[in-house]
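Hi everyone, thanks for making time.

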Amino acid sequence: MIEIRNVSKSYNKGQIKAVDDLSLQVQPGEIFGFLGPNGAGKTTTIKMIVGLLEPDRGSIVVNGYDIRKDPIKVRKSIGFVPDNPSVYERLTGIEYLNFLGDMYDVPRAVRTKRAKELLELFELTGDVGNLIQSYSHGMRQKLVLIGALLHAPDVFVLDEPMVGLDPRSAHNLKEIMSRHCQEGKTVFFSTHILDVAERLCDRIGIIRRGKLIACGTMDQLRHMANNKETLENVFLELTEQ
Amino acid sequence: MISSPLFVKELKEAKWKIITGLLITGITGASLPFLVDYLGVFVEQMAMPEWARSILGQQLGNYPLYLWSNWYGKNLLQFSVAFAVIIAGPLIAGERARNTLEFLASRPLSRVQIILTKAAAGSVSLGVIILVSTVITLVASYAAARPVPVAWFMSGLLPQYAGALVFFNLALMLSVRSDDGLKAAVIAGGIALLLFAAEWVAPLRGRTVISMMAASRSFVTGDVHFGHLFFMLLLALGLLWAALTAFRQSDV
C-alpha cells in the first residue's frame with residue numbers, strides 16, 4: 001500500500017515547485033498508472049516514494065512504514081525500477097543479481113530459482129555471465145527489472161518501465177505486473193504509453209505542474225473529460241485545461 | 001554499520017586498482033635492495049654538486065638509511081598518497097557520474113552505511129597495497145643478502161598507512177561534493193603536492209602529515225611515534241565525519 005499525504009517538493013530554494021500538495025492512495029492488489037506531461041512531477045514523486053528525495057512537506061507511508069521514520073524498511077519492501085537503467089558495468093549480470101540478493105537477504109535457493117525463472121522469461125539466461133558493459137540498453141532494462149523482482153517486493157514502483165524493452169519483454173512485464181497485483185501486492189508506475197495504462201491499470205492519476213489534476217478508474221476519468229472515449233483523448237482534454 | 005554485499009561489490013570493482021597498485025609498488029620495493037650498488041657507481045661517475053654527492057654518498061653507505069629514506073620517505077610515501085586519492089576520488093563522485101548513486105541510495109542502506117562501507121573497502125584496498133609491497137621490500141632485502149631488523153622496518157608501516165588514510169578521506173570528502181571522480185582525486189592530489197612542497201620551507205619542515213608519514217623518529221628508535229599516529233588518525237576521522245555529514249545533507 002502507498003499513501004501520499006499533502007506532499008510538496010520544490011527545487012532551487014523553492015523557485016521550482018515540482019510537486020504541489022499531492023495526495024493519493026494506492027491499495028494492495030491495485031495497479032496504479034501515473035501519467036503526466038514531461039516535467040509534470042512524476043519522477044520527483046517516485047523518487048520521494050523510494051526515499052531518494054525528501055519531501056519538503058507532507059508524509060509518505062509505504063506498506064505501513066513512514067519514509068522519514070523507517071526509510072530502510074520502506075526500501076526493503078519496494079522493488080524499484082528507475083527511468084534510467086544505470087547499473088554497475090564492471091560486474092557480470094549474475095554478480096549484479098547476487099549483489100541484490102545479498103542486499104535484500106534473499107536465501108540462496110530462493111534467489112537461484114527466482115532468478116532462473118525471470119532470466120528465462122526475459123531471455124537473458126545466456127548473457128548473465130557477461131559483463132554488464134557489453135549489454136544493450138534493453139538488456140540492462142531487463143536486468144534491472146529482474147533485480148527489482150528478486151526479493152518479491154510487496155510494492156513494485158516503476159518509472160517508465162517499457163522504454164527500451166522489445167515487444168515480447170514488454171508483454172512479459174505487463175503479465176508480471178498483473179500477476180503481482182493478483183497476489184495482493186501493489187504496482188505503481190509512470191508511463192507515456194497511454195494504451196498500456198488504459199489496458200493495465202485499475203486506477204490512473206494524472207499530474208500536471210506538480211498537481212494531481214485527476215485520479216480514478218478509466219470510467220471516472222472519461223466522465224471528468226466530457227466522456228472522451230480513449231485515454232489519449234482523456235489525457236489531452238484534462239492536461240489542456 | 002558495514003554492508004557486506006556492498007563491501008564485496010566495492011572490492012570486486014577495485015580489484016584492478018589493487019592489482020595495478022601492487023604491481024607498481026611491489027616492483028619498486030623489490031628493486032630497491034638490488035639497486036643500491038648500481039646507484040653507488042652512478043653517484044661516483046655522475047657530475048653533480050658536492051653537497052648532493054655527500055648526501056647521496058651518506059645514504060648509499062648506510063643501507064638501513066638508504067632503504068628507509070627511499071621506501072618510507074620517497075617511493076611508498078608517494079605511491080600511498082597517489083593510490084589513496086585514486087581509490088577514494090571516484091567512490092561517490094564516480095557513482096554520481098555513472099548514475100548508479102540513485103540505484104544505491106534506493107536500496108535498503110542508510111547513507112551512513114554507504115559512506116562507511118565504501119570507506120572501509122577503500123581503506124582495506126589501500127592497506128593491502130601498502131602492507132604487501134612493504135613485505136615484498138623486506139623479503140627482497142633478505143634475498144639481496146642485506147637483512148634489516150623486521151620489527152624495526154615494519155615500525156614505519158603504521159604512520160605510512162595513517163597518513164594515507166588522511167589523503168584517502170580528504171579525497172572521499174571531495175568526492176561527496178563532486179560529480180567527477182577525477183576532479184576530486186586531482187584536487188586532493190594537489191593539496192598533497194602543496195604539503196610535499198611545504199617540506200622545503202624551513203619553518204614547516206617536519207611538521208606536515210608528509211613528514212609524519214616518513215616517520216624519521218621510527219627510523220632512529222624503531223618505535224612508533226604515537227603522538228603523530230594519533231594526530232593523523234584523528235585528522236582522518238575528522239575528514240571522514242565531514243564526508244559523512246555532507247553526504248547525509250545532499251540530495252542524491
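Let's start with strand 8 of chain A, where both faces are covered. On one side you have T186(A), F188(A) and S190(A), on the other V187(A) and F189(A), and all of them are buried. That strand covers residues 186-190, so if you're counting, five of its five residues are buried, with a burial cut-off of 20 or more other C-beta atoms within 10 Å. Before I go on, please keep in mind that this is a predicted model.

So which strands does strand 8 of chain A pair with? One is strand 3 of chain A, residues 31-35, which pairs with strand 8 in the parallel sense over four bridges. The other I want to show you is strand 7 of chain A, residues 155-159, which also runs parallel to strand 8 and is joined to it by five bridges. If you look at S190(A), you'll find F34(A) standing opposite, and D159(A) stands opposite S190(A) as well.

Now follow the chain from strand 7. Strand 7, helix 6 (residues 167-182) and strand 8 of chain A make up a β-α-β unit, and that unit is right-handed.

Okay, on to another sheet in chain A. Four strands form an open sheet here, in the order 2-1-4-5, and the pairing is antiparallel. Which strands sit at the edges? Those are strand 2 (16-26) and strand 5 (65-66) of chain A, each pairing on one side only. Strand 1 of chain A, residues 2-11, runs antiparallel to strand 2, and seven bridges join the two.

You'll find P55(A) in the loop between helix 1 (42-49) and strand 4 (57-62) of chain A. Is P55(A) buried or exposed? P55(A) has 21 C-beta neighbours inside 10 Å, so this proline counts as buried. And what does P55(A) touch? Setting aside neighbours within four places in sequence, P55(A) is in contact with V7(A), S8(A), K9(A), M48(A) and I60(A).

Let me zoom out to chain A as a whole. There are nine helices and 10 strands in chain A. The C-alpha atoms fill a box of roughly 50 × 40 × 35 Å along the principal axes. Its radius of gyration is 18 Å, and a compact globule with 241 residues would come out near 18 Å, so the two agree. Of those 241 residues, 44% count as buried. If you take the contacts in chain A with a separation of 6 or more, 70% of them are between residues 24 or more positions apart.

Now, chain B. How many helices and strands does chain B have? The tally is 12 helices and zero strands. The radius of gyration of chain B is 20 Å, close to the 18 Å from the globule rule for 252 residues, so chain B is as compact as a globular protein of that length. Its C-alpha trace spans about 65 × 40 × 35 Å along the principal axes. Buried residues make up 40% of chain B. For contacts with a separation of 6 or more, residues 24 or more positions apart account for 81% in chain B.

The helix I'd point you to is helix 1 of chain B, residues 4-45. There's a kink of about 50° in that helix, centred on F34(B). Its buried residues include L6(B), A14(B), G21(B), L32(B) and P33(B). What do the buried residues of helix 1 pack against? In chain B they pack against helix 3 (63-88) and helix 6 (111-143), and in chain A against helix 3 (93-103).

That brings us to where the chains meet. The contact takes 16 residues from chain B and 20 residues from chain A. On the chain B side, helix 1 gives the most, with four residues. Helix 1 and helix 5 (101-105) of chain B are the elements giving two or more residues to that side. By class, the chain B side has five nonpolar, four polar and seven charged residues.

That's my tour, so over to you for questions.

How values were computed
Residues numbered from 1 in each chain as written. Chains lettered and ligands numbered in written order. Predicted model: local features only at pLDDT ≥ 70, side-chain atom pairs only at ≥ 80, totals over all residues. Buried ≥ 20, exposed ≤ 12 C-beta atoms within 10 Å, placed from the backbone. Pairing = 2+ DSSP bridges. Right-handed = clockwise from strand over helix to strand, strands pointing away. Rg over C-alpha atoms; globule rule 2.2 N^0.38 Å. Contact = placed C-beta atoms within 7 Å. Bend = angle between axes of the 7 residues up to and from the residue. Nonpolar A, V, L, I, M, F, W, Y, C, P; charged D, E, K, R; others polar.
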